[in-house]
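Please keep the sequence and the model in view while reading the points below.

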Amino acid sequence: MDDNKAWWETEIINVRPDSIEFRGYKIQDLIGSVTYPEMLLLLLKGELPGKYQARLLEGVLVAGCDHGPNAPSVAAARMAATCGISFNSCIATGINVLGDIHGGAGEQSMEIFYQLSGQLADDESNLPELADALCREFKAEGKKLPGFGHRFHKIDPRAAALDRLAQEAKEKGEIEGKYFRIAHALHKALRRVLGIELAINIDGISAAALCELGLPAKVFKGVFSLSRGMGLVAHALEEYMQGSRLKGPCPKNDETLVKYTGVGEREFPSS
Ligand SMILES: CC(C)(COP(=O)(O)OP(=O)(O)OC[C@H]1O[C@@H](n2cnc3c(N)ncnc32)[C@H](O)[C@@H]1OP(=O)(O)O)[C@@H](O)C(=O)NCCC(=O)NCCS
């Protein structure tokens, strides 16, 4: 071990007897003064955000909280609640199914937005061209562009609401708005290249917001877990209060939902 380094080094929190400080601010000054998204940005970035930046993050946290039991994370938490495990384990069960396919596409969106941002001309005049090229590349490789499309929604109502918060933060000079412009340019490019209308989904629009806030792509799944965690607490509690026990993924004996497709019944080989 490096003699000059402590075992754990952190710039986030300083805990001493009778004293807790976050990024230099005393906890007793923060409690009652800062909101949850302000605290989250203080923890992640080291400084208190502007009011409208915090409102944008608050919007992201509210937007992703729940999508009903048809979302695997919600179903998993509810199913877990019927199995007699601890309440926090129910929440963790839901959180643990979040990944690149469910709830985590925003990490890839952020990487793409940052990559396009690095290629943008100062006046952004090459944005449509860059967006078209990327969509053509995805199409040629048969890949789906993360952050776009939705199983249920042709227009995701959450995207327009976050757009409004972004617009407000931009008007107040607290964000630049570049990543929202990139997200919308990709939306239009998908229409041009694929000839279909695909919604900017919650991952895509949240990714734009987190880029505007200067956060690294790696943080996306963590922020989404905080957001969805709120919904999972409500769903696990509701299922628990309904008193179901050992609820499976679908009604039992329904062969339209569970179908055996293996070999037929056969004799066990005698020795
Ligand atoms: C979410 C998702 C799985 C829904 O897919 P879906 O149910 O097939 O959606 P649709 O039926 O509306 O798709 C219509 C067509 O658009 C294509 N499409 C959908 N999303 C696309 C995307 N992001 N990029 C490119 N093409 C896409 C589909 O392949 C389909 O084409 P086809 O008819 O030639 O097969 C898909 O949009 C996707 O994988 N998106 C990227 C990942 C993502 O953002 N996930 C977070 C979701 S909240």
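In what follows, Ala, Val, Leu, Ile, Met, Phe, Trp, Tyr, Cys and Pro count as nonpolar, Asp, Glu, Lys and Arg count as charged, and the others, Gly among them, count as polar. On that basis, the shell around the ligand consists of eight nonpolar, four polar and three charged residues. The model is a predicted one. Its chain contains 11 helices and three strands.

**The chain as a whole**

- Along the sequence the elements follow the pattern β-β-β-α-α-α-α-α-α-α-α-α-α-α.
- Taken along the principal axes, the box filled by the C-alpha atoms of the chain is roughly 75 × 60 × 45 Å.
- The chain has 271 residues, of which 35% are buried.
- Among the contacts with a separation of 6 or more, 73% link residues 24 or more positions apart.

**The ligand and its surroundings**

- There are 15 residues around the ligand.
- Those that come nearest are Ala105, Lys144, Leu145, Phe148 and Gly149.

**The sheet**

- The strands β1, β2 and β3 form an open sheet in the order β1-β2-β3, and their pairing is antiparallel.
- Its edge strands are β1 and β3, each of which pairs on one side only.
- Strands of a sheet pair through backbone hydrogen bonds, in either a parallel or an antiparallel manner.
- Strand β1 covers residues 13-16 and strand β2 covers residues 19-22; four bridges join these antiparallel strands.
- In this pair, isoleucine 13 stands opposite phenylalanine 22 of β2.
- Two residues lie between β1 and β2, which form a hairpin, and aspartate 18 in the turn has a positive phi of about 65°.
- Strand β3, at residues 25-26, runs antiparallel to β2 and is joined to β2 by two bridges.
- Phenylalanine 22 also stands opposite tyrosine 25 in β3.
- A hairpin is likewise formed by β2 and β3, with two residues between them.
- Arginine 23 lies in the loop between β2 and β3, and its phi is positive, about 50°, although arginine 23 is not a glycine.
- Arginine 23 counts as partly exposed because 15 other C-beta atoms lie within 10 Å, where a buried residue would need 20 or more and an exposed one 12 or fewer.

**Helix α7**

- Helix α7 spans residues 127-140, which is 14 residues.
- From its first C-alpha to its last, α7 reaches 20 Å, close to the 20 Å expected at 1.5 Å a residue.
- Which residues of α7 are buried? They are Leu127, Leu130, Ala131, Leu134, Cys135 and Phe138.
- Viewed down the axis of α7, these buried residues fall within an arc of 130°, so they line one face of the helix.
- An α-helix has 3.6 residues a turn, and therefore residues three or four places apart point the same way.
- Glu137 and Ala140, on the other side of α7, are exposed.
- The partners against which the buried residues of α7 pack are α6 (105-119) and α9 (178-194).

**Loops on either side of α7**

- Glutamate 124 is found in the loop between α6 and α7.
- Although glutamate 124 is not a glycine, its phi is positive, about 60°.
- Glutamate 124 has 14 C-beta neighbours inside 10 Å and therefore counts as partly exposed.
- Glycine 142 follows α7 and has a positive phi, near 65°.
- Lysine 154 lies in the loop between α7 and α8 (157-171).
- Is lysine 154 buried or exposed? Lysine 154 counts as exposed, because it has 10 C-beta neighbours inside 10 Å, and the cut-off for an exposed residue is 12 or fewer.
- Leaving aside residues up to four places away in sequence, lysine 154 touches Glu197 and Ala199.
- Between lysine 154 and glutamate 197 there are 7.5 Å in space, C-alpha to C-alpha, while the two are 43 residues apart in sequence.

Technical notes
Residues numbered from 1 in each chain as written. Predicted model: local features only at pLDDT ≥ 70, side-chain atom pairs only at ≥ 80, totals over all residues. Near = placed C-beta within 6 Å. Contact = placed C-beta atoms within 7 Å. Pairing = 2+ DSSP bridges. Expected span 1.5 Å × (residues − 1). Arc of directions from axis to C-beta.
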